[in-house]
Structures are given as structure tokens and as C-alpha cells.
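Today I went looking for charged side chains that pair up. Here is the model I had open.

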Amino acid sequence: MAFEDEVREKCQKLISQHEEYAREIRDDDARRRRRTGVGHRGIILRPSYWSIDRAFNPYKVRAHADQISRAIKAKLRNHDYRPYNPIAYEVPKSDGSKRIVSVFTIADAVVSRRVYRSLLEKNKSRFSAYSYAYRDDLTAHDAILNIGADLRTGRRYFLAEYDFSKYFDSISHEYLWRVLEEKQFLISPLERHVLTGFLNSEIQVQSTYTRHIQKQRDASTHGVPQGTSISLFLANVAAWELDRALERLGVGFARYADDTLIWSDDYTRICDAVQVLSATASNMGAALNFKKSHGISIYAPNGSPAEFNPKRTVEFVGYRFGAGGRGLRASVVERLKRRIAYIVWSNLLEPLSKGGVVSARVAPSVDRDYLVMIGQLRRYLYGDLNEERLSRLIQGRSRRVRFKGFMSYFPMVDDDEQLKALDGWMLHTVYTSLRRRTAILESSGLSSLPVPHGASKAELLIARAQTHSQVKLDLSLPSFVRVGRAIRRVAAAHGPNAVGRTGGPQNYQYE
């Protein structure tokens, strides 16, 4: 694809995302107006950095894509290319802190992506088979299969679980260049020039943004800017010596960027692995984060006795491994419960909490807000599948490769006991919220409430209704167990990478 076409494609992607967000705001306003009878005005915001410099604004860049592309290609030919400084953008982390991500201009992001693809294609064979991050030949799903193949045998293993502290921010530039040179990575003079430009860029705050500013002579020579494709390649280069050292020790391990899990049935080897990890971290300039690290422990999933610090479950990326198989890690469960609870509350209780009751929403023969809630829950779990199509998949009477929805990020989950518990929790949440909705509506003077008011838990699982025109409505609750079985069946036939989201569980976003 021509460079200018890639620039337009990048612009269109950003524009489409923004316009989809704007439509969701408008649609939400309309829904709230129907439910409460009160008008709402959602505020449609644009990213603040779009107005800082036109090079960040996809509408303006798209309009001048040809001129921008010609200018950048000329600079690349002359080895005079230098990316504009990125803007600092804060991304909240699960622990409440914030990660600073570098937002580069649209054209610079395209240059970075092109160089990343070229470097990865030439050098992918140099990386360890147990390094799963930022590659086009391996994904986090492959890591889950590798870990599960060993840990689910029921044998006891010694585990080493350590996290790096500010991995991307700490990587030494000198160390990176040494590894690239000594380990004979294939890199052209132009690619080296582009890498230097991105490593020397100076992240700017929006209030005092400057396109080009020289680093001070005593400025740090550490850190890889997050938010650009090149940094993904460099993050794997930085861990190259660590991966090779762990391979030589003969321990089992899986690494996703700075998230590393190491296991062995030999205590001496696991101690040697920790020494290697510590020494390599020092060389690359990235310290270990002992507050977030679990250290060395014994994995004994079946409850067998252990000499010290036994663990019954292990977590990696978005998964949890234990005696029950592969499940969802605790933080994933917590966040998906928050999402489901919000969907239930926003449909059944939030409209009534505003003090307005629209009787048409609960007119015979169905509670329309409940119907909308079921549709949203089903889309969250199933994507674009309905119960009938899901049943055909489970029975093997239908073929489908790509899934959408929550479980598309976790096609390897096979802990049905956990999924059953989630189904039970969702049923209880919906049941108690519906009872509260019934009480509020009855206190407002409404009686003879339609389906599914007054239904038991068992009846909610299979609830049905029909409109005045005899259109049948499926009000049954969606199920983690059913979609889990369906996606596992297809994953077994086509592989998890062909079935699930290619980004994998580590990229699951909770909106």
C-alpha cells in the first residue's frame, strides 16, 4: 500500500472511531428520553490534542494527505526525517495509577508502523518461541496454551512471578543498540535513522507543546516511547538476552512484554532463573517491581502439601490456571461484573431513580426496558449471535470462525464451574434488580405489570413474551457457559487465534 494511502487509512480509522462514539452519545440521549420523558444532552468531546497541532487532527491530515506524504517521503530519502515530538496522554491503570502514553502525529505513526513491520518480518525468527508480545506469528492465546500444557498436569511446580517497574520508561538506549549490533539483528541504515529519531523524541505536555525541541545534554538516555509501533519491536529486543538465558537454563517460561511467568520442577533451576532475571533487568536498566511480584512459590493446584508458600491458582495476562482448568483472572471477573451490573442498573433502575415513570415502557405485554437490557447483555457476551445460532454452534450444526463480544477475548476458558458461578451471579443481580423495579413501579400506582415481573429465577432463565402483533420475544438470560462451550468448540476446530480477538485478553477494554 502506498504511503499516502496508509495515511488516509489511519485518518479514516480515527474518524470512524470518533463518529461511532458521537453516534453512541446521541443514541443514548434518545434512549434516555424515551425511558424517562426528560431530554438529555450528552456532550460530544474531541481529543484535546487534536486542537494543539493540526498534524494530530485526522480530518485535517486527511484533507492534505498527499502533500504530507510527499514531504515525509522526501525527508526519508534524504535521511533527514525526524518525527514531531509526541504529546503526553494519561491512561488509567487497574491499580488506580496512570500510565503516560506518547501520542505521535498521524503521519509519524504511519512511519513507525511501516518500520515496525519491516523489522519484525526480517527478525521474527531471532525472537524466542516463548516471547508472545507484539508479533504477527504468535499471540497471547499461544502463551495460554503453552502454560496450560504444563500446569494442568497436576504436578507440583516451583513458580517465579516477577514484574518490571516502568519497563518501557527504563530501557537503556545504549543497551538496545548493543543488543541490536551484537546479536546481528537485520536493520538498514534508514531504519536505524528512524529508530534514533523516535528514541530521541521528547514527550510534551499539551499546554506547552513544541514540535521540535532538542534534548538537554544531560537528558535521560533511557525509555522507549509508548504509543508507537516501533516501541513494540524494541521492547522485545530489550528482553532478547533474558529469553535466551532462560532457554539455556531449561526452565519453562512465558513472557508477554514485561509480564513474565517462569516454572520448573527443579528448585535450583528456578533460583538460577531469578538470578538471571535480576541480572538482565539491571543490564537493560529496568528494575524489578517487588511490590507487584509474587516471588518464588510452589504451585500445588490439587491441594497437595507444600513446604512453603503454596499457590492453588496462577494468573497470566487475562487467564487463571488452577485445578478447574483455564479460567478468568480475578481482575477480569471484577471488571466484567461491574459492566454487567451497570447494564442492569442503567436499564431497570436508573430511569426510575430520576423520579420519572413512563407508563408506556411497561405497558402490556412486555417491560420494554427489560427487553433492551436483555439485548445489551446478549451483545456484551455473544456479540452478534443469538440463542438459536449459539445452539447450532454447540451442536456442531453451524460453522463460524470470528466471534465478537466478551468471550471472543477468552476462547481458551474451560473452567465451567467458574462460568456457572458467573451465570448464577448474573441471574441473582437481574432478579433482585427486577424485584426492586417492580416495587418502585407499584408504588407509583402501576399495577398488572407485564412479563417478566413476578417471575421466579428459574422462569427468568427461559422467559418469553410476544407483542400485540404476535411477534415472539426471547427474554431468556444469556449464559457464560453456553457461549464458552460454543467458542471452545470452534477454537478446537480452527485454533484460538482464528476464533478469538487477535489482540487477546490483554487488550480487552471495559467501556
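My notes on the salt bridges follow.

I kept in mind that this is a predicted model, where local features need pLDDT of at least 70, side-chain atom pairs count only at pLDDT 80 or more, and totals for chains, interfaces and linings use all residues. Residues are numbered from 1 along each chain as its sequence is written, and side-chain values use heavy atoms, with hydrogens and water left out.

Entry 1. How many salt bridges does the structure hold? I found 32; each is a side-chain nitrogen of Lys or Arg within 4 Å of a carboxyl oxygen of Asp or Glu.

Entry 2. I looked up Glu 191 and found a salt bridge to Lys 122, with the closest N and O atoms 2.7 Å apart. Glu 191 sits in helix H8 (residues 189–199) and Lys 122 in helix H4 (residues 106–123), 69 residues apart. Helices here are DSSP runs of H or I with at least four residues, strands are E runs of at least two, and both are numbered from the N terminus.

Entry 3. Is Glu 191 buried or exposed? Glu 191 is buried at 8% relative accessibility, while Lys 122 is partly exposed at 32%. Buried means under 20% relative accessible area, exposed over 50%, and partly exposed in between (1.4 Å probe, protein chains only).

Entry 4. Next I checked Glu 241 and Arg 178, whose side chains meet in a salt bridge at 3.3 Å, N to O. Glu 241 is in helix H10 (residues 240–249) and Arg 178 in helix H7 (residues 173–182), so the pair ties together parts 63 residues apart in sequence.
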